[in-house]
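Please read this briefing alongside the sequence and the structure shown below. It begins with a question and then moves through the topics in turn.

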Amino acid sequence: MAADPKESKANDSKEFVNSVVKRLAQMTYIRPDEIPNIDLYMDQVTTFMEDHLNDVKRYSDDKILTKTMINNYAKNDLLPPPVKKKYSKDHMIMLIFIYYFKNILSIGDIQALLTPLSEKFFQKEDTISLDKIYKEIYNYERSQMGDIARGISRTQRDSESIFANVEDEDDRKYLQLFSLVCMLSFDVFAKKHVIENVIDELNSMNPPSDKKSKKER
């Protein structure tokens with residue numbers, strides 16, 4: 001018996017999304033014990049980030065971190081200046097946070113978020129270390145990866161029910177994948193709105209200094 005073309009198309013889409021979710025679960029992240037305990041020069045910093053975050057690139061020629069980016073982060077008060085052109089473990093942790101935040105937040109919001117972190121915990125001996133903060137956050141986030149993958153899979157299944165009666169197979173596949181993008185985007189939009197409100201609350205707890213705030217990406 002010949003396979004139902006509609007079912008074949010649906011399976012193709014499902015397998016594609018499942019492969020993406022599987023890659024997400026296998027994606028490499030920088031483990032706390034991988035961050036060097038020695039100070040690094042700029043080239044060593046960019047090489048380390050490139051090696052350890054290579055799997056998160058969308059395109060093979062994308063750059064994870066460049067010298068220009070690092071200099072701009074320092075210029076925008078996101079990153080404390082290096083000491084004798086060397087970057088410490090705390091610098092590396094700040095750069096990792098910046099890397100993830102910059103994909104969804106403005107420079108102004110990242111500045112508001114990281115300035116108190118830097119002022120309170122960057123290379124401070126009388127309080128909780130940035131290393132400890134990073135370990136706690138890393139361990140929690142890794143524990144959530146299964147839930148995130150399952151949530152995306154549920155959304156994918158829901159998207160299959162939309163436009164299911166469209167007869168043209170290519171149109172149906174396109175519209176269902178478009179619906180999946182819309183659903184996931186709304187989820188990101190809603191969470192981004194919550195994040196921005198939390199940052200505003202943190203701002204009220206830590207009023208900005210007299211330095212001019214940079215709002216552009």
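With which residue does Lys191 form a salt bridge? Its partner is Asp187, and the closest N and O atoms of the two are 3.2 Å apart, a salt bridge being a side-chain nitrogen of Lys or Arg within 4 Å of a carboxyl oxygen of Asp or Glu. The model is predicted, so that local features need pLDDT of at least 70 and side-chain atom pairs count only at pLDDT 80 or more, while totals for chains, interfaces and linings use all residues. Residues are numbered from 1 along each chain as its sequence is written, and side-chain values use heavy atoms, with hydrogens and water left out.

**Overall make-up**

- The chain contains 8 helices and 2 strands, where helices (H or I, at least four residues) and strands (E, at least two) are DSSP runs numbered from the N terminus.
- Read from the N terminus on, the order of these elements is α-β-α-α-β-α-α-α-α-α.
- Of the 217 residues in the chain, 32% are buried; buried means under 20% relative accessible area, exposed means over 50%, and partly exposed lies in between (1.4 Å probe, protein chains only).
- Among the contacts in the chain with a separation of 6 or more, 68% are between residues 24 or more positions apart, contact meaning heavy atoms within 4.5 Å.
- The accessible surface of the chain is about 14300 Å², and carbon and sulfur atoms account for 54% of that surface; such areas come from the Shrake-Rupley method with a 1.4 Å probe, and for residues only the protein chains shown count as cover.

**Salt bridges**

- The structure holds 10 salt bridges.
- Lys191 and Asp187 both lie in helix α8, 4 residues apart, which is about one turn of the helix, and Asp187 counts as partly exposed because its relative accessibility is 37%.
- Lys67 forms a salt bridge with Asp43, with the closest N and O atoms 3.0 Å apart.
- That pair links distant parts of the chain, since Lys67 is in helix α3 (residues 67-75) and Asp43 is in helix α2 (residues 42-52), 24 residues apart.
- Lys67 is partly exposed because its relative accessible area is 43%, and Asp43 likewise counts as partly exposed, at 46% relative accessibility.
- Arg31, Asp33 and Glu34 are linked in a network of salt bridges, and between Asp33 and Arg31 the closest N and O atoms are 3.2 Å apart.
- Asp33 is exposed, with a relative accessible area of 62%, whereas Arg31 counts as partly exposed at 39% relative accessibility.

**Surroundings of Phe122**

- Phe122 lies in the loop between α5 (107-121) and α6 (130-143), and it counts as buried because its relative accessibility is 9%.
- Leaving aside neighbours within four places in sequence, Phe122 is in contact with Pro80, Ser88, Asp90, His91, Met94, Leu117 and Leu130.
- Phe122 and Asp90 are 32 residues apart in sequence, yet their C-alpha atoms are 6.3 Å apart in space.

- The 16 residues of helix α7 (residues 145-160) should span 22 Å at 1.5 Å a residue, which agrees with the 23 Å between its end C-alpha atoms; the expected span is 1.5 Å times one less than the number of residues.
- The buried residues of α7 are Met145, Ala149, Gly151, Ser153, Thr155, Gln156 and Ser159.
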